[in-house]
Amino acid sequence: MAEPIRVVVTGAAGQIAYSLLYMISKGDVFGPNQPVILHLLDIPPMMGVLEGVVMELNDCAIPILRGVVPTDDPAVAFKDVSAAFLVGAMPRKQGMERKDLLAANVKIFKVQGEALDKHAKKDVKVLVVGNPANTNALICSRYAPSIPKENFTAMTRLDQNRALAEIARAINKPVDSVKNVVIWGNHSSTQFPDASSATVDMDGKIFNVVEVLKDDVWLNTTFVETIQKRGAAVIAARKMSSAMSAAKAASDHMRTWFRGTAPGEYVSMGVLSDGSYGAPKDVIFSFPVTVMGGKWSIVQGLKLNDNAKAMLTKTGDELCEERQEALVVIEA
Ligand code: NAX
């Protein structure tokens, strides 16, 4: 069996981590034959709760979970890690927009960027889940100059999974028969869920979702709004933000990054923008990507109509504003 890899999860006493830690421990992300040592970071007042999480992880009796290191010290948490799930942040509450959270949360990601820079492996793959995820990932990467910028990503996989599930439901097919829905831009209500290149496998034949549904109005309005507002809908119903589905999406994102995409398939990841599709450069923008050998590449050549271009401009503008606000907070 392979040597264990070290994996950090921040916000480890929180609700997303509670589902995510089990998924990582049992091999959903790095495979059933890859032993892991989990590093769990949270803040000092949460150390008691974290102790309970450690007890439960031990009680799961999972053979490939080779160690658990709970800590409130970023230097310990990020030491020699190969993968980092940055979940810890203040969660969005009912009625709050992501902008309200920005000031509080970017400071956390500056500190964690510095700690990654000093202590993590130089090829560490970093997934930011804590909101505002795209801008937090950008700040984190700025403060970790010795780690390649490509190694910092933000999670829009939950939005992608929501979109796949919604389309599968509309077509009445299993969710894994639908592929290549794209989430463009920010993980916020300005994101653009785009099904124009999506396909569905119907009894072994591949069709375009647009042709199967024959309902452009639904795809361009109700579908888009449902996905954009799904996070808020879960909060309104549960009085807490998405947790189980967010953990599943984080696990999916990191698994794809380590193990690659299937031929003909792409997934959405918030990655450093090179200006593809007219998106602003140097923000973390969600694009369709393929992954091979642990490296992502933005899928080129997808067609965007005028409405889609306007949606990309809107979400890109929001990311530029967030970047500006974050830099003001951090440089103050
Ligand atoms: P919880 O409040 O349950 O847990 C957050 C944990 O982070 C707490 O235990 C807290 O003590 C800890 N924490 C706070 N500051 C920390 C720091 N400096 N270092 C380490 N740990 C710290 O929130 P949860 O529901 O788990 O959500 C976590 C984050 O995910 C939130 O920012 C939330 O908004 C975000 N989400 C992102 C999603 C995405 O798709 N990108 C979807 C789900 C979720 O809304």
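A residue counts as buried if 20 or more other C-beta atoms lie within 10 Å of its own, as exposed if 12 or fewer do, and as partly exposed in between, with C-beta atoms placed from the backbone. This is a predicted model, in which local features need pLDDT of at least 70, side-chain atom pairs count only at pLDDT 80 or more, and totals for chains, interfaces and linings use all residues. Residues are numbered from 1 along each chain as its sequence is written.

**Exercise 1. State the confidence of the model.**

Step 1. pLDDT is the predictor's confidence in each residue, from 0 to 100. The chain has a mean pLDDT of 95, and 98% of its residues reach 70 or more.

Step 2. For the complex, the predictor gives an ipTM of 0.99 and a pTM of 0.97.

**Exercise 2. Locate Asn131 and His187, and decide whether each is buried or exposed.**

Step 1. The UniProt annotation "binding site", from an unreviewed entry, covers Arg92, Arg98, Asn131 and Arg162. The feature "active site", also from an unreviewed UniProt entry, is placed at His187. UniProt positions are given in the numbering used here, feature names are shortened, and annotations may be inferred rather than shown by experiment.

Step 2. Helices (H or I, at least four residues) and strands (E, at least two) are DSSP runs, numbered from the N terminus. Asn131 sits in the loop between strand E5 (125-128) and helix H5 (133-142). His187 belongs to the loop between strand E8 (182-184) and strand E9 (192-194).

Step 3. Asn131 has 23 other C-beta atoms within 10 Å, so Asn131 is buried. His187 has 28 C-beta neighbours inside 10 Å and therefore counts as buried.

Step 4. Helix H5 is largely enclosed by the rest of the structure, because 9 of its 10 residues are buried. Among them are Ala133, Asn134 and Thr135.

**Exercise 3. Describe the shell around the ligand.**

Step 1. A residue is near a molecule if its C-beta atom, placed from the backbone, lies within 6 Å of it. There are 29 residues around the ligand, and Gly11, Gly14, Ile16, Gly88 and Ala89 come nearest.

Step 2. The shell divides into 16 nonpolar, 11 polar and 2 charged residues. Here Ala, Val, Leu, Ile, Met, Phe, Trp, Tyr, Cys and Pro count as nonpolar, Asp, Glu, Lys and Arg as charged, and the others, Gly among them, as polar.

Step 3. Helix H1 (residues 15-25) gives the most to this shell, with 3 residues. Domain 1 (5-154) and domain 2 (157-320) each supply at least three residues; the domain bounds come from an automatic or database domain assignment.

**Exercise 4. Trace the sheet that contains strand E10.**

Step 1. Two strands pair if DSSP finds at least two bridges between them. An open sheet of 3 strands runs in the order E7-E10-E11, with antiparallel pairing. Strand E7 (178-179) and strand E11 (205-208) are the edge strands, each pairing on one side only.

Step 2. E7 is joined to strand E10 (residues 199-202) by 2 bridges. Val178 has Val200 as its bridge partner in E10, and Lys179 stands opposite Thr199.

Step 3. Between E10 and E11 there are 4 bridges. Thr199 also stands opposite Asn208 in E11.

Step 4. E10 and E11 form a hairpin with 2 residues between them, and Asp203 in the turn has a positive phi of about 55°.
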